[in-house]
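Hi everyone, thanks for coming along.

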Amino acid sequence: MLHPVMAAPQFSTSLTEGLRKHVVVVGAGIVGASTAWHLARKGFDVTLLDREVPAALSDGASGGNAGLLSIGHYPLTRPGVSWRGLKWMFSRTAPLYIKPRLDRELVSWLWNFHLHCNQRYLDRCMEVLCAMGWQTLEVLEHMLAEERISCDYARDGWLDVVMKPENMAHAEAEARSLEKFGYRWERLDGEALRRRDPCFTAEVAGAIHMKDSAHCAPNDLIAGLIRALPRHGVKVRFDATVRAFRQTRSGAVTAVELEGGETIPADAVVLCAGVWSDALGRLAGVRIPMQGARGYHLQFDYPANDAPPVPSTGMVLHETFVAITPMLRDGRQQLRLAGTLEIGPLGQPWMPERLGMLVKGSHPYLRGLDALQPAGEWAGYRPCTSDGMPAIGGVRGRKGLFMATGHAMMGMTLGPVTGKAMAEIVAGEKPCFDVSMLDPARFG
Ligand SMILES: Cc1cc2nc3c(=O)[nH]c(=O)nc-3n(C[C@H](O)[C@H](O)[C@H](O)COP(=O)(O)OP(=O)(O)OC[C@H]3O[C@@H](n4cnc5c(N)ncnc54)[C@H](O)[C@@H]3O)c2cc1C
């Protein structure tokens, strides 16, 4: 019997013959940058395109996220989440806010999402996500070391920080459910937590330390990786917006067309355009039902004198879902508060009350937040498919077209290993994890 990975249809579209094939990668976020890096290392001739200019790029989803490389993170589709989302739907300050609107695509996305919020499906997802998770930090550490990228990376786990004593059992149960996938954790009660990390207030009941994860300053990671690509022969082009694909009568993709009219021929095209992948995919006849879940961050500088204690690692606040990450950037100690999920049409004005939720949701947990100096604010989109899982592989019926997108809240964590697998798939090799559940054609 064939290994399930070998049986997957992705291989009908792989490039098996010859190495100096030209591959165009669309989207220079973490997924596209890692894909380009791995393709170049395999000997492909690679062009990486992004519509942004470099300064704006490091502000994209892959720069502005919380920087938690939290392997073993559950996908969004969990038992009960769809009902909770429905209850929160009309509150502009709920952690998950869905802007109510009559939109067939949103309704169909929500329905499919709801159908996937069950334990059996979650267990299947976790098999794949853990296989990716266990490899992704190795892949990232390899890239960081080889390219000498400095991004305050530390493999020191993350904390699930609990305010209400009655919630400790819930946090512990969640950690315990990950044991079967090999993840290590430790319970820290209030005093033990404050001894380890004096940044926490006396009101905090305790924390669960998930030990296997890491954190980083994502803007520096993505900027460093993109800077490294030309050394491997990758042509990196900014301000290059893909507006169409050239296809043969049989559907094979042979070139991309840029705004402005330029055509770039390609033996293969890999779409890594984050939340915009659905709209782009449709131009080539592929549908990935996707909603952009907008999140925000607030960045702070620590003052030079009388600075409050800096958290020793990244964390998520259990009751308010705010992610908090210490980051050393350009010699400055900073803190990033990130989070909130807001599902609505792309490109709408920011909702300032949701930025406010980050501070309000962090205050009760952390000492000295008022002493920090504002250093920036940001909003960006998580690319969320309707079944909670990424789409990774070749596109059936569209020879030469590949997709790697839809990583939702886990893109920074799983982007590095996705890039490795994607390069293997394009090269016609067996990918480093089983992608059969992630077939981009699964949505029909
Ligand atoms: C508030 C917040 C916090 C988060 N925290 C974490 C975290 O702690 N850990 C984690 O793992 N993940 C986190 N995420 C999720 C993570 O940031 C995303 O999953 C990830 O960045 C997606 O990467 P990507 O490469 O798929 O897409 P993106 O980073 O969005 O990159 C896509 C690129 O495609 C380009 N593009 C789009 N259309 C075109 C076109 N037509 N032509 C050319 N280029 C195009 C865009 O300009 C963009 O640069 C967070 C997200 C948010 C919003």
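**Around the ligand**

By class, the shell around the ligand is made up of 21 nonpolar, 18 polar and four charged residues. Keep in mind as we go that this is a predicted model. Which residues come nearest to the ligand? Of the 43 residues around the ligand, those are Gly27, Gly29, Gly274, Gly295 and Gly411.

Now for the elements behind that shell. Those giving two or more residues are helix 2 (30-41), helix 4 (61-64), strand 14, strand 17, strand 18 (373-385) and helix 13 (411-426). Helix 13 provides the largest share, four residues.

Let's stay with helix 13, and ask how it packs with helix 7. A quick reminder: two packed helices are described by the angle between their axes and the distance between the axes. Helix 7, residues 119-147, packs with helix 13 at an angle of about 80°, and the axes are 7 Å apart. Angles of 65 to 115 degrees count as roughly perpendicular, so helix 7 and helix 13 are roughly perpendicular to each other. On the helix 7 side, the contact is made by Met132, Gly133, Gln135, Thr136, Val139, Leu140 and Met143. Helix 13 brings Thr413, Leu414, Pro416, Val417 and Lys420. Sorted by class, the residues of this contact are seven nonpolar, four polar and one charged.

Next stop, helix 12, which covers residues 352-362. Which of its residues are buried? They are Arg354, Met357, Leu358, Gly361 and Ser362. Looking down the axis of helix 12, you would see these buried residues fall within an arc of 110°, so they line one face of the helix. Here is the handy rule to remember: an α-helix has 3.6 residues a turn, so residues three or four places apart point the same way. On the other side of helix 12, Pro352 and Glu353 are exposed. And what covers the buried residues? The cover includes strand 14 (290-301), strand 15 (314-317), strand 16 (323-329) and strand 17 (332-343).

Is arginine 20 buried or exposed? With 8 other C-beta atoms within 10 Å, arginine 20 is exposed, because 12 or fewer counts as exposed. Arginine 20 still touches Gly43 and Asp45, leaving aside residues up to four places away in sequence. Valine 46 is 26 residues from arginine 20 in sequence, with 9.2 Å between them in space, C-alpha to C-alpha.

Terms used. Residues numbered from 1 in each chain as written. Predicted model: local features only at pLDDT ≥ 70, side-chain atom pairs only at ≥ 80, totals over all residues. Buried ≥ 20, exposed ≤ 12 C-beta atoms within 10 Å, placed from the backbone. Arc of directions from axis to C-beta. Contact = placed C-beta atoms within 7 Å. Near = placed C-beta within 6 Å. Nonpolar A, V, L, I, M, F, W, Y, C, P; charged D, E, K, R; others polar. Axes fitted to C-alpha atoms, helices over the stretch in contact; angles between N-to-C directions. Parallel < 35°, antiparallel > 145°, perpendicular 65-115°, else oblique.
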